Every structure is written in structure tokens, then in C-alpha cells.
Amino acid sequence: MYVNILNKKVAVCTLGCKVNQYESDSMMDILKKNGCEIVPFSQFADVYIVNTCSVTNMAERKSRQMLHRAKKKNPEAVIVAAGCYVQAAEEALAKDLGIDILIGNNCKKDVARILSEYYEDTSMHEVVIDINHTNEYEEMTLVKPNERCRAYVKVQDGCNNFCTYCIIPYTRGRIRSRKLVDVVREVEGLAVEGVQEVVITGINLSSYEDEDGASLLMLLQAVAKVNGIKRIRMGSLEPRVITEEFLDGITALDKVCPHFHLSLQSACNETLKRMNRKYTIEEYMEKCEMIRKAYDRPAIATDVIVGFPGETEEEFATTVANLEKLNLYEMHVFKYSKRSGTIAATMEHQVSDAVKEKRSNVLLELTANQKAAFEAQFSGELLPVLMEEYDCIDKDGKPAYVMKGHTDRYILVKQETTREVCEQSVNTFVDILYRSEKSK
């Protein structure tokens, strides 16, 4: 226990991926154990921590904005920048007079000690290691997640793919995995706290392999044995992890949800090659077909980048045609944004913002239609829904209560009911006669 941070009010802002969210939740756990009070980022605090993102230039800009916004809330507060942006721009951030502490990746577990040392000596503190020359997995343990019934569980860090648009291998370092026994121990603790669904996540989850040789499949099999955990989801997967052996293994686990985020980025081989992705669209389609043979109506989601350097009208038309064939549940569409320090940022034939916007709108309309059609398949079926929260809304001048939750395929379900039922249903499974928006 660090006495000089007792009763300090700490606010945490998280930007970026699910791994960042897990690490923020873990930092808050650590600070609470050391006597700090966690308050919303919008409130007055003694310490503001921004767990930054560096995946795009826009993400870095937002990270800077949140750091400066925190300083305006309380000019006397200690401002902490943590995470990927720190790794990418340590020198520039060190010169920012509004920032007091820099914490790089693999150092977040030491947040309480770092804060305590700052209060002893209020000079600029930088705790940033050379992330590209470490094999150490940063062990953090989540005790109480922000969400009552669902928790992210980080099991892997780093990436060796070096896609031409991506800075992450340089901010997260090489692949390294958490010991299976430590993952299971954490999940067991979360189950005791009432968590019923865990999302197994990592920077490159498909590369998971611990020092004893445990694979991702073995990890899922071990987590599935934890009493109290009713559902298991996986973070983003690379197509190569989808094999007959892997599918045979996970279909034998009732707790694994038929919900997959299978990384794509483009549905055109020429674009994929420039991105340095390690598969073809034909191979990707084959993996989706394997999943659909293994599961009844699985929900398959993905990410797609439009306007990547050199993407011609013909290449984009190929992407659209292949995405129509794939008929995925959901696509997260991103307009390519230059990221300093990546190969793609220096490529010729950069695509204009206007063209990116047009192409993005085409895919957004496509995915909206495909998602609606997918959800319509389940209309009239009784679906088990894990109820996560409820809202009070105004209905004809009177309060009405709506509870919300997700099915195993991550379809959002809302149901209006009484406040009493909402309170009783949170963090429980409720069978709902589903009606999709399209079928109403």
C-alpha cells in the first residue's frame, strides 16, 4: 500500500481496443487496492490517466485532446499518458508541459508505484521500455470489471505481422502469451464476482501459445471448465487459425459463442498484397464456409479498410462483389488514414478523402442490409439473452423501462418491461421471443 496516494481521486479514459480496456480496468483495480477512489473522467480528480491509442493519426490526435481536456478540468491534477501513443511518441510527449507522467506498454502494472514516486518527487516521470526488445508478458489481473456480467480477459500481446498500414508491432512489440494457468485463475476469480461471459482477447489472439506449448484451443477448453462462466467469446482472429481441428475443438464446447470476428481488411487480392496480409480472398471465403458448416447460422463480423493507397475503382468493385458473396453479419468500415511510421503512408497513389467517403458509404449501406437480413432469420425464435443493463426512458410523459442484452450471436435485444423485472433480470439469462427490426 502506497500511503501517499491514499484517497486520491483518479479518473481513467480509455481509447482504442479491447486490450486497452482490459488494461485500464486492471489499472483501476490496482489503484483501488492502494486506497484510491475511481471517479468518472468527466468529474474533478486528483489524477487523470489517459490510456492512449496510436492505431491512426486521428487516434493520436484524440489522445492528445483528452490529455489536454483533463488538464483544463483541474490544472493542479497529475496528468498521466499511458500506452501505445507513449511508445510511438515518447520524445514529443515528454516536451508537453501539461503531461506529468509517461507510462509505456508493459509498465501499466506498476501504475500505483509510479504515482507514489511522482508524489515524492514531482519532476517529469517517464517509465517506457524498448517494447521491441522484450519477451516479457506483462501480467495484470482483473478482479472487478466495469461491466457486471461481461469481462475482457487479455491473454496475448504483441504482433509479428507488420501489415503496411499498421504501427502496432512497433508500439506493442513482438508476440508473447500469458500462461494458461494464470488465465484460468483470473477467470475463476471473475466468476466468483458474478461475471457470466468472458471475451478472450489479445493484440494478435491467433498467435497465442504459452511457454508450455498451450494453444488457443487448449486455453478455450480450460476456460470452459470454469464454473459460473456461461459464455465465451473470442476477440479478432486471423483466418489461418480456422482449421478443422480448431473448429472440431470449439464446437465441442457449448460455452463458445457462434460469433466470430475474422480479420479481413480488403476483399481484393491486389489490395491485400499491398497491405502485406498473409491470405487471399479465396482462402478467407473458404474459412467462412468452414465456420458455417460447423455452426448453425454463425455471426461472422470483420473489419474493412476503404481507400487504401492504390485502391482503384476496379479493385474496390472486386471488394464489393466479394463482400456481397460473403454476406457477413457485420462489417466495421474504416476509411484509410495515413499513419506516420508505416510503409503505406509513403506509398504512391493515395486516395482522396472524397473517394474514401463515397466508398465507405457503399459498404456501410451493404453491411446495414446484410445485418438486418441476418437478424431477421431469428424473428419468432425464443432466444436466451444475457441481460446486461436497463434504461429509464420517457414514454408519453411517463417513465418506461427497457432492458438490454445480447444473444450468443451478439444480436442486441431490447425489451420494455417494469422496473422491478429489469432489476431482477440484470446479469441473468432471459428467454426472449425475438423480433428483428426488419420484421416489425
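1. In this predicted model, a search of the whole structure finds ten aromatic pairs. One of them joins Tyr-165 and Phe-308: the ring centres are 6.3 Å apart and the planes stand at 85°, so the pair is edge-to-face. The cut-off for that class is an angle over 60 degrees.

2. The two residues of this pair come from distant parts of the chain, 143 residues apart. Tyr-165 sits in the loop between strand 7 (150-157) and helix 6 (168-172), while Phe-308 sits in the loop between strand 12 (299-306) and helix 12 (313-326). Both Tyr-165 and Phe-308 are buried. Together with Tyr-336 they make up one aromatic cluster.

3. A further aromatic pair is formed by Tyr-329 and Phe-374, with 4.7 Å from centre to centre and 50° between the planes, and it is tilted. Tyr-329 belongs to the loop between helix 12 and strand 13 (330-335), and Phe-374 to helix 13 (residues 353-376), so the pair ties together parts that are 45 residues apart in sequence. Tyr-329 is buried, at a relative accessible area of 2%. Phe-374 also counts as buried, at 9% relative accessibility.

4. Helix 12 and helix 13 pack with their axes 11 Å apart and at an angle of about 10°. Angles under 35 degrees count as roughly parallel, and the two helices are therefore roughly parallel to each other. On the side of helix 12 the contact is made by Glu-313, Phe-316, Val-320, Leu-323 and Glu-324; on the side of helix 13, by Val-355, Arg-359, Val-362, Leu-363, Leu-366 and Gln-370. By class, the residues of this contact are seven nonpolar, one polar and three charged.

5. An open sheet is formed by four strands in the order 8-7-9-10, with mixed pairing. Strand 8 (176-177) and strand 10 (231-234) are at the edges and have a single partner strand each, so one side of each is left without a neighbour in the sheet.

6. The pairing of strand 7 with strand 8 is antiparallel and runs over two bridges. Asp-157 stands opposite Arg-176, a residue of strand 8.

7. Helix 7 (residues 180-192) lies across strand 7 and strand 9 (197-202) and runs at about 170° to strand 7. Helix 8 (residues 216-223) packs on the sheet and touches strand 7, strand 9 and strand 10. The direction of helix 8 makes about 160° with that of strand 9.

Note on methods
Residues are numbered from 1 along each chain as its sequence is written. This is a predicted model: local features need pLDDT of at least 70, side-chain atom pairs count only at pLDDT 80 or more; totals for chains, interfaces and linings use all residues. Side-chain values use heavy atoms; hydrogens and water are left out. Rings of Phe, Tyr and Trp (its six-membered ring) pair if their centres lie within 6.5 Å; planes under 30 degrees apart count as stacked, over 60 as edge-to-face and the rest as tilted. Buried means under 20% relative accessible area, exposed over 50%, partly exposed in between (1.4 Å probe, protein chains only). Axes are lines fitted to C-alpha atoms, for helices over the stretch in contact, and angles run from 0 to 180 degrees between N-to-C directions. Angles under 35 degrees count as roughly parallel, over 145 as roughly antiparallel, 65 to 115 as roughly perpendicular and the rest as oblique. Contact means heavy atoms within 4.5 Å. Ala, Val, Leu, Ile, Met, Phe, Trp, Tyr, Cys and Pro count as nonpolar, Asp, Glu, Lys and Arg as charged, and the others, Gly among them, as polar. Two strands pair if DSSP finds at least two bridges between them.
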